Amino acid sequence: MGKSLGEMFLQGGWVMYPLLILSVITWAIVLERALVFLLLRPRFTRLTNTILGNLKNGDLAAARQAAEAEKPELGSVFLGSMDTKKSREGAERVTERNKARMAQYLKKNLWILGTIGSASPFIGLLGTVVGIIRAFHEMASKGTGGFSVVASGISEALIATAAGLIVAIISLFAYNIFTTAANQMMTSVKLTLDEMIDESFAGKAKG
């Protein structure tokens with residue numbers, strides 16, 4: 001008769017507890033980052049279309065107003081690119097700092113996913129070693145061999161290995177998805193900010 005997940009968890013040994021904690025951390029980050037990207041992307045697209053449209057129409061004030069109306073993590077990124085009170089070089093320096101802040105915001109906590117993905121298989125491997133040691137200890141203490149003697153230790157080893165791999169696969173999969181999404185968005189941000197600087201200072205030159 002098959003065992004329940006709870007029974008398998010308990011049979012996996014003490015390493016299952018740190019793996020459970022790492023799994024909870026992984027899913028918390030995955031859900032938080034998924035929410036950030038799902039909400040931020042349409043806001044970014046809508047805001048850039050509004051700002052660039054206003055800049056191309058020569059309405060710098062309306063473009064700045066649109067950026068100021070957005071939440072700081074997004075709107076503040078664009079304001080420095082439209083600061084025509086500074087020189088173009090000054091605006092570009094501010095823009096570079098804003099891009100760095102945006103990248104930091106998009107990649108927040110992703111290093112934790114990478115660390116969990118790298119560490120989880122080794123934690124599972126530790127459980128494997130402990131299970132094998134336990135199996136041999138059972139053989140030595142009973143003075144006999146056979147599957148019935150070592151089954152418990154081998155089962156513990158295999159469950160710990162599988163749990164470590166599952167946590168690692170999920171965290172690394174999520175890490176790669178979010179890192180790629182962040183890099184793609186930062187490329188869009190860079191192109192947009194460069195275009196905004198060109199439009200803002202072209203308008204200043206005309207004025």
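L106 touches R33, F37, L40, A182, M185 and M186, leaving aside residues up to four places away in sequence. This is a predicted model, and L106 is a handy way into it: L106 turns up again in a helix contact and in the largest nonpolar core.

**Where α2 meets α5**
- Helix α2 (residues 16–56) packs against helix α5 (residues 88–106) at an angle of about 130 degrees, and their axes are 11 Å apart.
- That makes α2 and α5 oblique to each other.
- On the α2 side, the contact is made by R33, V36, F37 and L40, while α5 brings M102, Y105 and L106.
- Sort the residues of this contact by type and you get 6 nonpolar, no polar and 1 charged.

**The largest nonpolar core**
- This core has 28 residues, and those touching the most other members are I51, F78, M82, M102, L106, V189 and M196.
- Two or more residues come from each of α2, α3, α4, α5, α6 (110–142) and α7 (147–206).
- Helix α2 gives the largest share, with 9 residues.

**A look at E70**
- You'll find E70 in the loop between α3 (60–69) and α4 (72–79).
- Is E70 buried or exposed? E70 counts as buried, because its relative accessibility is 17% and the cut-off for buried is under 20%.
- The side chains of E70 and R43 are joined by a polar contact of 3.0 Å.
- Not counting residues up to four places away in sequence, E70 touches R43, R46, L47 and G75.

Notes
Residues numbered from 1 in each chain as written. Predicted model: local features only at pLDDT ≥ 70, side-chain atom pairs only at ≥ 80, totals over all residues. Heavy atoms only, no water. Helix = DSSP H or I, 4+ residues; strand = E, 2+ residues; numbered from the N terminus. Buried < 20%, exposed > 50% of the residue type's maximum accessible area, 1.4 Å probe, protein only. Polar contact = N/O pair within 3.5 Å; in protein donor to acceptor, adjacent residues only side chain to side chain. Contact = heavy atoms within 4.5 Å. Axes fitted to C-alpha atoms, helices over the stretch in contact; angles between N-to-C directions. Parallel < 35°, antiparallel > 145°, perpendicular 65-115°, else oblique. Nonpolar A, V, L, I, M, F, W, Y, C, P; charged D, E, K, R; others polar. Core = buried A, V, L, I, M, F, W, Y, C linked by side-chain atoms within 4.5 Å.
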